[in-house]
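Reader: Could you show me how to read a helix in a model? I'd like the general idea and then the case at hand.

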Amino acid sequence: MSQHVFDAFATVTPLNSVARPVEVFCGWDRPDQRHFLVVEDMSDAAQEQPFAQYVFSNLRLPGGGQMTAQDVVDTLVAHGVPVPDGLLEALQEDKAQDKGEGRRHW
């Protein structure tokens, strides 16, 4: 699977709390033939929990979370996460090439 990883701050948070640091992990899953997106809460409070705390994971969506590259970007925007320039195009290219590996830090 292709992997795109970056750190950011999510500004849209439950109960209008302050922005929280997040790690974004997204890409193209060749075996499942779909894009994926995981946004992990990296705040101090979340890191004190015994298990990872997720702001978003497409695996929690009905039907296993089928996503397009545009869905990935739209979901990041909805959570107030700045989208790196070129991420949408990189995700679309990963699908077009049916990319099976590779990791890019933005």
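Reader: Which residues are buried in helix α2 (residues 69–78)?

Author: First, a word on the source: this is a predicted model, where local features need pLDDT of at least 70 and side-chain atom pairs count only at pLDDT 80 or more, while totals for chains, interfaces and linings use all residues. Residues are numbered from 1 along each chain as its sequence is written, and side-chain values use heavy atoms, with hydrogens and water left out. Buried means under 20% relative accessible area, exposed over 50%, and partly exposed in between (1.4 Å probe, protein chains only). Helices here are DSSP runs of H or I with at least four residues, and strands are runs of E with at least two, numbered from the N terminus. In α2, the buried residues are Ala69, Val72, Val73, Thr75 and Leu76.

Reader: Why do the buried residues of α2 line one face?

Author: An α-helix has 3.6 residues a turn, so residues three or four places apart point the same way. Down the axis of α2, the buried residues fall within an arc of 160° (directions from the axis to the C-beta atoms), so they line one face of the helix.

Reader: What do the buried residues of α2 pack against?

Author: Taking contact as heavy atoms within 4.5 Å, they pack against β1 (3–10), β2 (20–29), β3 (34–41), β4 (54–57) and α3 (87–96).

Reader: And which exposed residues sit on the face turned away?

Author: Val77 and Ala78. After α2 comes Gly80, with a positive phi near 70°.

Reader: How many helices and strands does the protein chain have?

Author: Three helices and five strands, in the order β-β-β-α-β-α-α-β.
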